[in-house]
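Dear colleague,

I am passing on the structure we spoke about, together with some notes on what was found in it. Please open it alongside this message.

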Amino acid sequence: MNKITREKGQFKVVGTRVKRPDGIDKVTGRAQYGADLVVPGMLTGAILRSPHAHATINSIDTSEALALPGVKAVVTRADFAALDDDEMIDIADNCLARDKVLYHGHAVAGVAAKDAQTARKALKLIKVDYTPLPHVTDVDAAMKPGAPVVQSGRQEENVQPEHSENVTGYCEFGHGDVEAGFAKADHIIERDFKTAAAHQGYIEPHACLASMTNDGKADLWCCTQGQFNVRSLCSAILDMEASQLRVTASEIGGGFGGKTTVFIEPVALALSRKSGRPVKIVMTRDEVFRATGPTVSSSSTVKIGMTKDGRITAAHAKFRYQGGAFPCATYSFGAQAAFAAYDLEAVKSEGWNALTNRPKEAAYRAPGAPMAIYAVESVVDELTQHFGLDPLEVRLKNAARENTKAAYGPTFDQIGLVATLEAAQKHPHYSAPLGENQGRGVSCGFWFNFGGNTCVTMNLNDDGTVGITEGNPDIGGSRASISMMAAEELGIPYSDVRTIIADTSSLGHNDVTDGSRVTFAVGLATIEAARDAIRKMCGRVAKIWGIDEDAVIWEDGYAKPSGPNAGDFEPMSIKEIAAISSNTGGPIAGHYEVNADGAGVSFGVHLADVEVDPETGYTQVIRYTVFQDAGKAVHPDYVEGQMQGGAVQGIGWALNEEYIYGEDGVLQNAGFLDYRVPVASDLPEIDTVILEIPNPGHPYGVRGVGETSIVPPLAALSNAVSRAAGVRLHELPMSPPKILKAITDRG
């Protein structure tokens, strides 16, 4: 699909603010979340976790636990299949440790018992003989020669020999002669940065219920961002045919990328297989923090040269990411995203992944990009200060545009960065006066977006209403957006469309709800499924009228003759066509399956005002505005919510949120009392400005919006705090003690 078929202003449903279809169920408590399902004969599952940050497992004795009355099954890694794919082995090893435990909280064994009390008692009866090993939790320390080795033999061939065995991957992007570019600069700044790992902070902990029958068939209910992915992973880990496992996604109480893999689901299935009973597992909050993936922590070095009039002549960045105890690809995303906002003649971006004794990282909205762009945008801002230049003017002068060769390789199509920068420049926020100890920060942001495998079915009911079946959990309002696009295409009211999320046995494969893909890809498939249904309805009407199919057109919910030569017939509504469908050939449905491309990249710009108390280092965010290109905002309320939500999460990451490990490798703040996310009193109103620069890869011009909004806040806040405090900070989060120390050291 390469053509925009509707220009701005030609939509009737798309772009309006209709009621959300799941609102009443969620506010009244009727919605079924992961922990809500109960079935007869259900057992309670619990998981034993490692007390060590790194240790060899010499033996596991489960005999006393199995002898405890009320215990029906115990499983270890030996109950999983023998696997030969490295990525699948890593996922299985993360669910239950094999030869070693690799981080504090690593799962070792699972128990199924008659109730939670018995399950907890059984865990204490499992005897595990460990030999503790040296551990490492810091990325820079992990990369040094002689560092404790987390896993041997995981290095890719292109990793430089000067690094430790923990460095598993390396990537490089860029073009031009960087050294020649630096020679043209009037000033060069090189800085080092660090960011802490931050958790997605979803309110709902991981939960699932597994039921496996004697014939090998199984059902699994879980809170997930992708039930088809869960089926693929669990069936492989348990050596099942995928068709024998049906996975149903519950409502989801937050994911943000953190529910795109499995942690407890294979364990629950293995316990159900052993016990012959349904098994339910619900993580505690402590387990969520210790054993599910936060985002990576990072260490970066960024060097940028600029002329006195604000032109960037060259840029070079080195990004060192740790993704926990298993190899990850996030470092590559960060290295690619780092300079995407700039049109540069000479640029080089390098990335490394290092293993540490931490939980396996999971995606967190635009994985890798916030850390990289934080470092880049901080140096750009410092250069503008050095020359006394306007921060937005400098970014406009260097901004990527249509036909810009991106730093990571491709040439951009139609993009909205310049429009967002200009909107920010004209907004009253940018020219508003600042008070004492206040500062304003600016940052650009970028994310790739993707489409992926998508399958949609649209069924016309006898009364003319429409049911849509799609396979992606709704984590950001997609049911409303998909229903709106169907209503728009069919020319019927939004209230006549209902969208449901199918289980894995009801629809073809759908990729995970991530990558800002669903409104784009499922929306595209929905539009095409509607067009398929329209062709069939026009064909039915053509038979009734006795004319050629191409002589019937569809307008505003009616089949009509294409013109006077087609005949004089009264238009037939979708309700009339549906009512007689059984007499014209049977049920009417539209289908579409696609591996969608053309997602279109996304840019945003954030303005942040802060006030720093010089006596305590406390930072108050006093004003915040988000500018972002949505392509076409299908449901503006949801788009604004995504923009505001990303900003709030970024504010927390920049100012408060971090994983804190002790010297023993144990996480010190595994709970919301000590891991502090922003609350309402910490935040100003988050203003939003939606730009609509159509994406030529979507019939309505839609771009993904869910991830870009978390990319700029880290740098925008850092730049604002640095200007307010009068001293540059290079480490996140900028907690009060760090700010106060910087102010004190400055004198």
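Which side chain does arginine 479 meet in a salt bridge? In this model, which is a predicted one, the partner of arginine 479 is glutamate 251, with 3.0 Å from N to O.

The notes on domains come next. The domain assignment gives domain 1 (34-134 + 200-291), domain 2 (424-443 + 600-747) and domain 3 (451-596). Between domain 1 and domain 3 the count is 1 salt bridge, and 6 residue pairs are found in polar contact across their interface. On the side of domain 1 that touches domain 3, the elements giving two or more residues are α7 (227-237) and β11 (245-249), and the largest share, 5 residues, comes from β11. About 1,300 Å² is buried between domain 1 and domain 3, with 57% of it on carbon and sulfur atoms; of the area that domain 1 buries against domain 3, Gln225, Gln227 and Phe228 supply 45%, more than any other three residues.

Arginine 728 counts as buried because its relative accessibility is 16%, under the 20% cut-off. Its side chain makes a polar contact of 2.5 Å with the side chain of aspartate 381 and another, of 2.8 Å, with the side chain of glutamine 385.

Lastly, there is an open sheet of 3 strands in the order β4-β2-β6, with antiparallel pairing, in which β4 (100-101) and β6 (127-132) are the edge strands.

With best wishes

Technical notes: Residues are numbered from 1 along each chain as its sequence is written. This is a predicted model: local features need pLDDT of at least 70, side-chain atom pairs count only at pLDDT 80 or more; totals for chains, interfaces and linings use all residues. Side-chain values use heavy atoms; hydrogens and water are left out. Buried means under 20% relative accessible area, exposed over 50%, partly exposed in between (1.4 Å probe, protein chains only). A polar contact is a pair of N or O atoms within 3.5 Å; within protein, one must be able to donate a hydrogen and the other to accept it, and residues adjacent in sequence count only if both atoms are side-chain atoms. Two strands pair if DSSP finds at least two bridges between them. Helices (H or I, at least four residues) and strands (E, at least two) are DSSP runs, numbered from the N terminus. Domain bounds come from an automatic or database domain assignment. Buried area is the accessible area (1.4 Å probe) that two parts lose on being put together, summed over both. A salt bridge is a side-chain nitrogen of Lys or Arg within 4 Å of a carboxyl oxygen of Asp or Glu.
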